[in-house]
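Here's a quick tour of a structure for you to follow along in your viewer. Have a look at the fold before reading on.

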Amino acid sequence: MPLRILLLTVLLVLSAACGGPQNMLGPAGPAARDISTLSWIVLGIFSAVALIMWALLGWTALRRHGSLSEHEPVDVGGGQDWILTGGFLIPFAILATVFILGLRTMMAFPMKDGKHNHPDIRVTGHQWWWEVQYLDGNVDRHFMTANEVHIPAGRPIDIELDSADVIHSFWVPKLHGKEDLVPGQPSLIRIEANQPGTYSGQCAEFCGAQHAHMMLVVIAQPESEYQAWMAGQIDSSAQPVNGEQALGQQIFLAKPCALCHTIRGTEAHGTVGPDLTHLASRQGIAANMLPNNEANLAAWVTHAQALKPASRMPNVTQVSGDQLQSLVAYLQSLY
Ligand code: CUA
């Protein structure tokens, strides 16, 4: 029976490691590859140690025969070579090897040295969402978005990590290990995706009630697609093209929305919540807790506290049903 449980556990662990969008053993970039290689080496070494130890224990259990008196020690001071070899030399060699391999993996990553190169992107953690600032080129090319980090595939991108409140942790398992976002202590992480694709991530440091709902996605695009995306994001927001959207914009600006959110190209300059200038181009809302669609936008505006209790997004109850429809139509036009 215990053997069956052991086998089932092993199978479960192995199957859990086989897939999934946040599998650190399925690396999609150089940093994640180094980390997963190290993980496999360490797993291999320690599995071998465990197997040898269990084999030795089994061997002694099976070979021991006779009574205690027959096994009285013949050499009281003996066996010290065994203790020195098995208890010190071999463990020292193994731990030193793992230590050196670990250091080598760490040295493959840029360290914060107080004067590191200008980062391409700055990610700031908030309870409970990710602010993403693009710092490429001149200030007039800088822009802000949220919860979605676009990068060019096949090129390393330096991200500065900071926090506006408590400690968060940036973790996109297929691209890199965890890196903390510490308020006032910016750190640097260099991520690279080998192939275009969408890589999901998660805040990996408990940061309050909605820590589990603090998701992010990294979208790696071919260089030309990435440049086109950047050009689109630098632009101000789309202006309403019909009466309903125009009404929605008026409601946005007249209701509390504009106090917390920015929509570039309008009077809305709030900085408490995510920049919504190109909201409709994003996959998710509420830090990727919900897919970005009409029903979820309406629900989020009116019932944020039910969906994500304790978040700073209030339930906006000052809108009628018709007004809500216009507001959502406007938000969905913000490509
Ligand atoms: Cu942010 Cu956990």
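This is a predicted model: local features need pLDDT of at least 70, side-chain atom pairs count only at pLDDT 80 or more; totals for chains, interfaces and linings use all residues.

## A helix pair

The axes of helix 2 and helix 3 come within 10 Å and cross at roughly 175°. Angles over 145 degrees count as roughly antiparallel, so that is how helix 2 and helix 3 lie to each other.

Who touches whom? On the helix 2 side, the contact residues are Asp34, Ile35, Leu38, Ile41, Val42, Ile45, Phe46 and Val49; they meet Ile94, Leu95, Val98, Leu101, Gly102 and Thr105 in helix 3. Sorted by class, this contact has eleven nonpolar, two polar and one charged residues.

## Helix 2 on its own

Helix 2 covers residues 30-63, which is 34 residues. From first C-alpha to last, helix 2 reaches 49 Å, close to the 50 Å expected at 1.5 Å a residue.

Buried residues in helix 2 include Ala31, Ala32, Ser36 and Leu38. Helix 3 (80-107) is included in what covers the buried residues of helix 2, and Leu38 also turns up among the residues that meet helix 3.

Five of them form an open sheet in the order 4-10-9-6-7, with mixed pairing. Strand 4 (148-152) and strand 7 (179-181) sit at the edges with a single partner strand each, so one side of each has no neighbour in the sheet. On average, neighbouring strands here are turned by 25° against each other, direction ignored.

Strand 9 (residues 197-203) and strand 10 (residues 215-221) run antiparallel, joined by six bridges. In this pairing, Tyr199 stands opposite Val218 of strand 10. Helix 4 (residues 223-234) packs on the sheet, where helix 4 touches strand 4 and strand 10. The direction of helix 4 makes about 135° with that of strand 4.

Definitions and conventions:
Residues are numbered from 1 along each chain as its sequence is written. Side-chain values use heavy atoms; hydrogens and water are left out. Helices (H or I, at least four residues) and strands (E, at least two) are DSSP runs, numbered from the N terminus. The expected span of a helix is 1.5 Å times one less than its number of residues. Buried means under 20% relative accessible area, exposed over 50%, partly exposed in between (1.4 Å probe, protein chains only). Contact means heavy atoms within 4.5 Å. Axes are lines fitted to C-alpha atoms, for helices over the stretch in contact, and angles run from 0 to 180 degrees between N-to-C directions. Angles under 35 degrees count as roughly parallel, over 145 as roughly antiparallel, 65 to 115 as roughly perpendicular and the rest as oblique. Ala, Val, Leu, Ile, Met, Phe, Trp, Tyr, Cys and Pro count as nonpolar, Asp, Glu, Lys and Arg as charged, and the others, Gly among them, as polar. Two strands pair if DSSP finds at least two bridges between them.
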